[in-house]
Amino acid sequence: MRSYTLIAPAKINLHLEILGARADGYHELVMILQSIDLSDEISVQASDRQAIRVRCDHPEVPADKSNIAYKAANLMATEFPAAFAKYGGVDITINKRIPVAAGLAGGSTNAAAVLVGIDLLWNLGLTQSELEELGAQLGSDVPFCVGGGTAIATGRGEQLSALPSLNNIYIVLAKYRSLAVSTPWAYKSYREQFGDSYLNDIHSLSERAAAIHSGPIVKAILNKDATEIAQKLHNDLERVVLPEYPQVLQLRETFASAGVLGTMMSGSGPSVFAICESQQQAEQVKLRVRETIPDEDLELFVTRMTSHGIQIASSV
Ligand SMILES: C[C@](O)(CO)[C@H](O)COP(=O)(O)OP(=O)(O)OC[C@H]1O[C@@H](n2ccc(N)nc2=O)[C@H](O)[C@@H]1O
Ligand SMILES: Nc1ncnc2c1ncn2[C@@H]1O[C@H](COP(=O)(O)OP(=O)(O)OP(=O)(O)O)[C@@H](O)[C@H]1O
């Protein structure tokens with residue numbers, strides 16, 4: 001049976017700005033999303049049973065219909081019933097390395113990999129933008145995960161404009177294994193606490209553009225200047241997550257006192273990343289954080305920014 005093995009990278013948010021609440025329950029955002037070199041491996045294999053099956057080596061990730069990888073395959077089967085009938089079922093195997101429920105788009109990148117894998121398995125020849133449109137039906141972060149790299153995301157996160165890629169900027173990533181933050185809770189809390197500061201009353205596009213704060217970090221990205229990027233990191237969701245989760249606040253403070261270029265929570269948390277001058281500094285910072293917080297529940301990774309989205313590792 002034919003199969004593809006795909007590399008599915010995680011993302012961090014270099015900028016996350018909430019512009020307002022939308023009628024559909026989502027929030028209008030301006031984000032800068034960045035792929036990192038910390039990936040799951042997804043294999044998508046044709047099967048002779050007319051069914052979708054998911055296996056995952058991580059005990060906390062469901063292997064049933066609630067897995068977003070299952071939902072991605074089911075969407076492809078619904079959108080392309082003739083191909084589903086012709087090529088048969090799909091067996092999906094997920095080797096999970098990205099921390100779960102971390103604000104790193106772990107599920108979203110798995111879904112993007114399944115879309116890419118099934119497109120190849122069924123010879124559909126979909127374009128990147130067609131794959132991104134399908135991804136938007138599964139989650140706001142899924143379209144970005146298809147192509148990855150560095151991008152500005154607007155709307156609810158699904159409208160993408162590519163930025164020049166940032167390679168080899170080293171980061172340290174920290175996440176407490178047992179700590180999870182609900183994304184709906186984070187947005188809802190923000191709306192309840194800071195709804196008044198929304199830009200909903202700004203109607204003209206030029207007024208709205210002038211009020212958006214992502215300009216300085218975009219300039220830093222265009223300059224490919226790690227120090228400048230690190231100084232301009234921003235995440236509105238920190239305003240609700242840090243007061244509620246002291247461990248996340250402690251990670252931010254521990255990174256800051258370790259002399260990194262800059263530090264921020266990713267997405268809705270609870271993972272925190274720190275931008276470093278070099279791989280060597282990143283390794284030193286990792287050791288220092290480990291000494292300061294010798295809690296085995298804390299996972300620490302040294303990784304780097306990458307320009308890759310979903311990639312094919314092998315095909316049989
Ligand atoms: C926090 C981020 O990861 C940052 O990149 C994303 O904004 C969330 O991306 P995601 O997990 O793919 O989000 P979705 O699965 O689309 O939505 C999960 C929930 O988050 C909230 N949500 C998400 C995106 C958005 N623009 N506004 C929202 O209010 C909604 O309550 C939604 O029900
Ligand atoms: N393939 C999957 N990988 C990881 N989690 C999954 C998957 N499918 C479903 N889930 C469930 O989704 C929840 C969120 O996990 P995920 O790792 O995607 O969060 P996240 O990194 O915060 O995502 P995002 O940054 O897109 O909001 C988990 O609690 C898990 O049970």
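**The shell around ligand 2**

Guide: Two helices, α1 (68–79) and α3 (106–121), each contribute at least two residues to the shell around ligand 2. Please note that the model is a predicted one. Of the shell, α3 provides the largest share, with four residues. In total, 22 residues surround ligand 2, and the closest are Ala105, Gly106, Gly107, Asn110 and Asp141. Sorted by class, the shell around ligand 2 holds ten nonpolar residues, ten polar residues and two charged residues.

The shell may next be placed within the domains of the chain. The domain assignment divides the protein chain into domain 1 (3–167 + 307–315) and domain 2 (170–304). Both of these take part in the shell around ligand 2, with at least three residues drawn from each. The C-alpha centres of domain 1 and domain 2 are 23 Å apart.

The two domains also meet one another: 25 residues of domain 1 are in contact with 38 residues of domain 2. On the side of domain 1 that touches domain 2, the elements giving two or more residues are β1 (3–21) and β2 (27–47). Here β1 supplies the largest share, ten residues. This side of domain 1 comprises 17 nonpolar, six polar and two charged residues.

Key:
Residues are numbered from 1 along each chain as its sequence is written. Chains are lettered from A and ligands numbered from 1 in the order in which they are written. This is a predicted model: local features need pLDDT of at least 70, side-chain atom pairs count only at pLDDT 80 or more; totals for chains, interfaces and linings use all residues. A residue is near a molecule or strand if its C-beta atom, placed from the backbone, lies within 6 Å of it. Ala, Val, Leu, Ile, Met, Phe, Trp, Tyr, Cys and Pro count as nonpolar, Asp, Glu, Lys and Arg as charged, and the others, Gly among them, as polar. Domain bounds come from an automatic or database domain assignment. Two residues are in contact if their C-beta atoms, placed from the backbone, lie within 7 Å.
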